[in-house]
Number of protein chains: 2
Amino acid sequence: MKHNYLSNIPLKEAVEKFLSCLKDVGTSYKTETVETRRANGRTVAEAVYAKRCSPHYCACAMDGIALKAGLTAGASESSPVLIKKEDFTFVDTGDPLPDGADCVVMIEEVTENSDGSVMLYSASAPWSHVRQIGEDVSAGDMIAPSFTRVTPSLIGAFLAGGVFELTVTKKPVFAIIPTGDEIVDAQSEVKSGDIPEYNSAVFSAMLSEWGAESEVYPITPDDPALLEAAVKKACEVCDGVIVIAGSSAGRDDYTSSVLEKLGKVLVHGLAIRPGKPAVLGCIGKVPFIGVPGYPVSGIIVMENIVKTVVSLLTKIPVEDAEKISVTVSKRIPSSLKYHEFVRCRAAVVGNKTVAVPMGRAAGIVSDFAKASGIVEIEQNSEGVEGGERLEMTLLKSRGEIERCVCVIGSHDVLIDELSDILARGEKPFCVMSANTGSMGCITALRNKEAHLGGIHLLDAESGEYNKSYVKKYFPNGGVTLVKGIGRIQGFIVPKGNPKQLEAIEDLRRVSFVNRQRGAGTRILLDWLLGKHGISIDEIYGYTREEYTHTAVAAAVACGSADCGLGVYSAARTYDLDFVPLFNEQYDFLVSNEAFEHDGVKAFLAALKSEEFKRRLKKLGGYDFKNAGEIILEV
Amino acid sequence: MKHNYLSNIPLKEAVEKFLSCLKDVGTSYKTETVETRRANGRTVAEAVYAKRCSPHYCACAMDGIALKAGLTAGASESSPVLIKKEDFTFVDTGDPLPDGADCVVMIEEVTENSDGSVMLYSASAPWSHVRQIGEDVSAGDMIAPSFTRVTPSLIGAFLAGGVFELTVTKKPVFAIIPTGDEIVDAQSEVKSGDIPEYNSAVFSAMLSEWGAESEVYPITPDDPALLEAAVKKACEVCDGVIVIAGSSAGRDDYTSSVLEKLGKVLVHGLAIRPGKPAVLGCIGKVPFIGVPGYPVSGIIVMENIVKTVVSLLTKIPVEDAEKISVTVSKRIPSSLKYHEFVRCRAAVVGNKTVAVPMGRAAGIVSDFAKASGIVEIEQNSEGVEGGERLEMTLLKSRGEIERCVCVIGSHDVLIDELSDILARGEKPFCVMSANTGSMGCITALRNKEAHLGGIHLLDAESGEYNKSYVKKYFPNGGVTLVKGIGRIQGFIVPKGNPKQLEAIEDLRRVSFVNRQRGAGTRILLDWLLGKHGISIDEIYGYTREEYTHTAVAAAVACGSADCGLGVYSAARTYDLDFVPLFNEQYDFLVSNEAFEHDGVKAFLAALKSEEFKRRLKKLGGYDFKNAGEIILEV
């Protein structure tokens, strides 16, 4: 079934091989002329020399009088010198030095006589208080060497030096060719099995940030002849070609074979994860990159390979991305075979910047968009242990990470609403949340990975929520339980409740969708099942796990499950019916240290805000009495 | 003459006052709708919720077969289970899960029989190898809270979630009104006394980097009625008004009085240097900033005040600029009265990043463009001592500073040519040069402020160049003298040599322009004068100092001096005549530690290159035999 195999070339080696081949075939930048005043951010293609001096004349540097310095000889407090009316001129700063004059005396040092003459009480040296020609720039001076990036102040220096046009490196144009039979435009109606194509938009935006342009080609089906035609056309008009997907070694993967036919395959298969199935080569002088179709794999290949090619074509150096030192919250296992890029969320918890590794699925672009940064695990490493310090390449700004409230625990859409309230605040903060369930919150706080998190843990014996868990899991204290909201858990079912579900026993006869292990909702389900003597084996779909209430509702909405357990607001979002079963208490467990964090303060203040109540009312199904009050401090 | 006075309000206080007033009057952002795929870098004005799930169907996560998990019950290595042809479907990754199926078995685990049935050797759980609906994003999930900046990956998440349009904050438009009777368009022919206007281009570029737009108004003369009319018009159509110059308290400074008439003056005069004469206020809801006309003052006011106003109107947070820790090379005195912004050049010399404070003239924009960063001396501080560690706000990237070769010493245009050769190299480096004269080079190397520098110091006794100085000033060694070039020093005189200058005695009868103290050329002049028994008092213009050969030539070219002493290439640049007087040796003195620096290696290699010789030939007047060879190591 497979017609070729992927190699496993280390990233650095692949990039070097690729760039050195491109240089050998003569791939290089092109130039164009642009107006200096519109050239900000561009890169000059040659050294720029001043064409005029700035200032271009000898200028008075003070308000005062201009005269021949020799006339002031011998002047002092005790024997002032009189300067006749015709021997000086009043001048303002910036005025040209009048003919014959060679110095300026500040107006404060001049005493005027009634006949128009003046008295001076000190002698002046020639050229004092005169701004010399070329003080800023002299004609002929090199203002900027080749490949200097134009900045606002440099625009000023160029214009001061009489340089009104610049020869800059031309923005290279990359053809982006999305491929695949199942790929459809992201903005079209999508049917089951269609994969919406948005990589081209993501890659275009990346290219634009790097100083390149892009031309997105129509989606090409998995057909080598059509792909060949598209690539040929692109090579004629573009400076680089990016083919999305089909870059692996499967049945329908034609990228490398088309490249082999038209040009030269240099690398097929990189020792990185995600991003392994990349194809690098060239067609004549045109660089060619086959980028994997999974969005995160694609982004990693763009960032680590295409960016260096853009740099070759723009002469904008690839600067090392900003990195910060982080403490990894838990073990990150890694394969010896791959250099791994692991996205993390990071926040300042206590006195450390803690990075929590996120899922590694290559298809989850929303996760990537939320990540604070990336840690890299080198090839031939088995990974790092929790607690180790690592360098993390930033995807968010340092400031954003410092402003970030890290919320790990049970999911409720109210966390998103709170994050929006914080974002809209006078002094904005961001919320980074991870849905790991109520027990996940307890683990995160014990490990000092989070500031706070949502929990709704029912004590089966007392029927009380949360308190007993806090006491049990934090015997040495360190956390505070803050009242959140009351909410109704129930069956999320299709409109009209076609299977007529009413009670927990009814789950025996339907297809269910569950929440992940450790989720408070799953614990509630287990408790309800136990109470009614129902075995989990009797529930079809018990092992089918979703991580959020909305994902459960989505599964019901599309008909792939008959029922899920969740909150009212999720059912409402999908216009589904809701069978109330149980009132529960969803609270926030907060690390005591975190009360010092300005963002956490804002989060807790938002819990008490009118705006929060307004939003909960709109969502429905919540009881927000006393939200934000302290319930228990241990 | 003065009609009002400047206050001296601390920067932070002024900004707080300004912003709080703007919030009070209701200055805020506007919004507009843009296509998601074109929204990179924009800021969403409201929380963005997913409109569809991604994936929007249950998808097979593997190539293999899809079937009902129940059929695999009990399968094991020893008792495989046979699955009939009609009970499974071959699927590829990404295919929709076929109706009735609830799991996927990887193709590697399937053994096909000849009749089309398959054997399975292990049991599968329901929903294994199935990519659930909404695994990436579920409809209704908040993808991004308000005021999130759109990134490429976020564009992917939005499109995945079916969000094709975004409400973003509108780019505010700032009117930029240059003022002043003496101000002319930078691109026009400039006469003596004209000041070319380029601040508007600098500020436009800055605004654009911050996410704002600008409309540059025609230059308004120093006339309160005309300025009032221009400001009124701007207020009607723009979101902010910037008036350039006229913001001080002089005779022709109308900015604050016009603002007082049309709106409200909040601050007039800041306790910063440069940048003191700024005016802040508002006209209705429109923020108004009077920015000083000196370009560096203007840039400081834009960066520290206008940027925060742009942030209010765009909701893009002002992130703290990147800072690095530097060791200041020499004392930076400061007035207690002002918070000072001192531009510095920085390079990694030995194991420290050394920052050398540059001149503080507010009119020298080319200096600002060259600076590596800015150190701030707080108000009420008398400054910092040489050797102190400070934070420097970066104007160049960290990488650029690390790649930088720091060249301090005597000026010759060949340093610029070398810097261009380095910039164009395979592995580019930048050169940061300061023209402090030959003795300045020795001081800089003794203080470990520079990697190397040019010197041409004549030993009057031996008639030999440089060596005796190196021995004298580096008794403990640590430097190496590298052969540079031979060059001819001579009189730079107007075309045709109208004053018929031939020998050093002729200087008695002309107007001369000299070099600064410590410059090798001045030392040469002093030696020549002494040798001929001429007193410096006999030379008119001896005290008139320029810092470069080109600046000397410029003074001669414009007729403000009859003659200067300098090198042939400078005369040639200005199409002047040259009277050769003296052959001298211009060498490079290199710190021994610096030989480890890759950039210094490249610099010394460039000295020996053919390209360097080619460029020197083009400049003329140089002898480059043995350039780059070591002369003396101490």
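**Figure 1. Helix H10 of chain B in the predicted model.** In this predicted model, helix H10 of chain B spans residues 437-446 and is mostly covered. Seven of the ten residues of the helix are buried. The buried positions are Gly437(B), Ser438(B), Gly440(B), Cys441(B), Ile442(B), Ala444(B) and Leu445(B). Just after H10(B), Lys448(B) adopts a positive phi of about 55 degrees. An α-helix has 3.6 residues a turn, so residues three or four places apart point the same way.

**Figure 2. Helix H10 of chain A.** Helix H10 of chain A, residues 437-446, is mostly covered, with eight of its ten residues buried. Gly437(A), Ser438(A), Met439(A) and Gly440(A) belong to the buried set, and so do Cys441(A), Ile442(A), Ala444(A) and Leu445(A).

**Figure 3. Strand S32 of chain B and its antiparallel partners.** Strand S32 of chain B covers residues 479-493 and is mostly covered: 13 of its 15 residues are buried. With strand S36 (residues 577-591) of chain B, S32(B) pairs in the antiparallel sense over 13 bridges. In this pairing Val579(B) of S36(B) stands opposite Phe491(B). Strand S35 (residues 563-567) of chain B is joined to S32(B) by four bridges, in the antiparallel sense, and Gly564(B) in S35(B) stands opposite Ile492(B). S32(B) also pairs with strand S38 (residues 630-633) of chain B, antiparallel and over three bridges; here Glu633(B) in S38(B) is the bridge partner of Thr480(B). Two bridges link S32(B) to strand S37 (residues 622-623) of chain B, again in the antiparallel sense. Tyr622(B) in S37(B) is the bridge partner of Arg487(B). In a regular strand the side chains alternate between the two faces of the sheet.

**Figure 4. A three-stranded open sheet in chain B.** Three strands of chain B form an open sheet in the order S5-S9-S8, with antiparallel pairing. Strands S5 (81-83) and S8 (110-112) of chain B stand at the edges, and each has a single partner strand, so one side of each lacks a neighbour in the sheet. From one strand to the next, the twist averages 30 degrees. S8(B) pairs with strand S9 (residues 118-120) of chain B over three bridges in the antiparallel sense. Within this pairing, Val118(B) in S9(B) is the bridge partner of Glu112(B).

Figure 5. A pair of aromatic rings is described by the distance of the centres and the angle of the planes. With ring centres required to lie within 6.5 Å, there are twelve aromatic pairs over all chains. In one of them, the ring centres of Phe588(A) and Phe603(A) are 5.4 Å apart and the planes are at 85 degrees, so this pair is edge-to-face. Phe588(A) lies in strand S36 (residues 577-591) of chain A and Phe603(A) in helix H15 (residues 598-607) of chain A, so the pair ties together parts that are 15 residues apart in sequence. Phe588(A) is buried at a relative accessible area of 0%, and Phe603(A) is also buried, at 0% relative accessibility. Phe588(A) and Phe603(A) form one aromatic cluster with Tyr586(A). In chain B, Phe88(B) and Phe90(B) make an edge-to-face pair, 5.5 Å centre to centre with 85 degrees between the planes. Phe88(B) is buried at 9% relative accessibility, whereas Phe90(B) is partly exposed, with a relative accessible area of 43%.

**Figure 6. Charged groups over aromatic rings.** Arg544(A) lies over the face of Trp127(B), 3.5 Å from the ring centre. In chain B, the charged end of Lys315(B) sits over the ring of Phe147(B), at 4.8 Å from the centre of that ring.

Figure 7. Two copies of a chain are related by a rotation about an axis and a shift along it. Chain B is superposed on chain A by a rotation of 180 degrees with 0.0 Å of shift along the axis, at an RMSD of 0.1 Å. The two copies are therefore related as by a two-fold rotation axis. The C-alpha of Glu322(B) is the one nearest the axis in chain B, at 4.8 Å. Of the interface residues of chain B, 100% are also interface residues in chain A, so the copies meet through the same surface.

Methods:
Residues numbered from 1 in each chain as written. Chains lettered and ligands numbered in written order. Predicted model: local features only at pLDDT ≥ 70, side-chain atom pairs only at ≥ 80, totals over all residues. Heavy atoms only, no water. Phe/Tyr/Trp six-rings, centres within 6.5 Å; stacked < 30°, edge-to-face > 60°. Buried < 20%, exposed > 50% of the residue type's maximum accessible area, 1.4 Å probe, protein only. Lys NZ or Arg CZ within 6 Å of the ring centre and 35° of its normal. Pairing = 2+ DSSP bridges. Axes fitted to C-alpha atoms, helices over the stretch in contact; angles between N-to-C directions. Least-squares fit on C-alpha atoms with pLDDT ≥ 70 in both. Contact = heavy atoms within 4.5 Å.
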